[in-house]
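Visitor: I would like to go through this model by question and answer, beginning with the chain as a whole and ending with individual residues.

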Amino acid sequence: MPTDFSAQADQAVLDALDMVADPSDLSVLHVAPPMSSYPVADPAIVWESITEEARSERIEESFRVHIKDPRAQAVHFAVAFGAPAEEIVDYAEAHEIDMIMMPSHGRSGLRRLLLGSVAERVVRAAHCPVIVLRN
């Protein structure tokens, strides 16, 4: 199950925890932009001290603190870097995930056309069933 730390994703994690008998059977994936996507002159980035491994650790720490439900501590959490839809599909295939459950932000019209839909791309490309949760 992908998370972007939005309210919809948080609720999806809680819903998924309610659906599984063992929380350790649940995988949660966060896809972050790769370091190469940041401008070199970005003052927030200190290239010598920030690595993707360090970013992964901080993102996982954030998840563990962010989701207050104690069952979430047993969840397998992973971080990937790249384009969200492609990384979600690749992760699911590589880890033989049986089903992907993900929230949809429900964009439509011009916003969907301009921004695209990660959920739609995952539905089209996934090797397994995908449940898309809407508000």
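Visitor: What percentage of the residues of the protein chain count as buried?
Guide: The model is a predicted one. A residue counts as buried when its relative accessible area is under 20%. Applied to the 135 residues of the protein chain, this criterion gives a buried share of 36%.

Visitor: In what order do the elements of the protein chain run from the N terminus on?
Guide: The protein chain holds 5 helices and 4 strands. Among contacts between residues at least 6 apart in sequence, 68% join residues at least 24 apart. Read from the N terminus on, the order of the elements is α-β-α-β-α-β-α-α-β.

Visitor: Which residue in E2 does Val28 stand opposite?
Guide: E1 and E2 run parallel and are joined by 6 bridges. Within E2, the residue opposite Val28 is Phe77.

Visitor: Which elements give two or more residues to the lining of the second largest pocket?
Guide: The second largest pocket holds about 280 Å³ of space. Its lining consists of 13 residues, with Val20, Asp25, Leu26, Ile97 and Met99 nearest the centre. The elements that contribute two or more residues to this lining are helix H1 (7–19) and strand E3 (100–103).

Visitor: How do the residues of the lining of the second largest pocket divide into nonpolar, polar and charged?
Guide: Lining residues are those with an atom within 4 Å of a point of the pocket. By class, the lining of the second largest pocket has 9 nonpolar, 1 polar and 3 charged residues.

Visitor: Why does Asp69 count as buried, and with which residues is Asp69 in contact beyond its neighbours within four places in sequence?
Guide: Asp69 belongs to the loop between helix H2 (52–66) and strand E2 (76–81). Its relative accessibility is 19%, so Asp69 counts as buried, the limit being under 20%. Leaving aside neighbours within four places in sequence, the contacts of Asp69 are Leu14 and Leu17.

Terms used. Residues are numbered from 1 along each chain as its sequence is written. This is a predicted model: local features need pLDDT of at least 70, side-chain atom pairs count only at pLDDT 80 or more; totals for chains, interfaces and linings use all residues. Side-chain values use heavy atoms; hydrogens and water are left out. On a 1 Å grid over the protein atoms alone, a cavity is a set of points where a 1.4 Å probe fits but cannot get out, and a pocket is an open set with protein on both sides within 12 Å along at least five of seven lines; lining residues have an atom within 4 Å of a point. Grid points are joined across faces, edges and corners, and a volume is the space filled by probe spheres set on the points. Ala, Val, Leu, Ile, Met, Phe, Trp, Tyr, Cys and Pro count as nonpolar, Asp, Glu, Lys and Arg as charged, and the others, Gly among them, as polar. Buried means under 20% relative accessible area, exposed over 50%, partly exposed in between (1.4 Å probe, protein chains only). Contact means heavy atoms within 4.5 Å. Two strands pair if DSSP finds at least two bridges between them.
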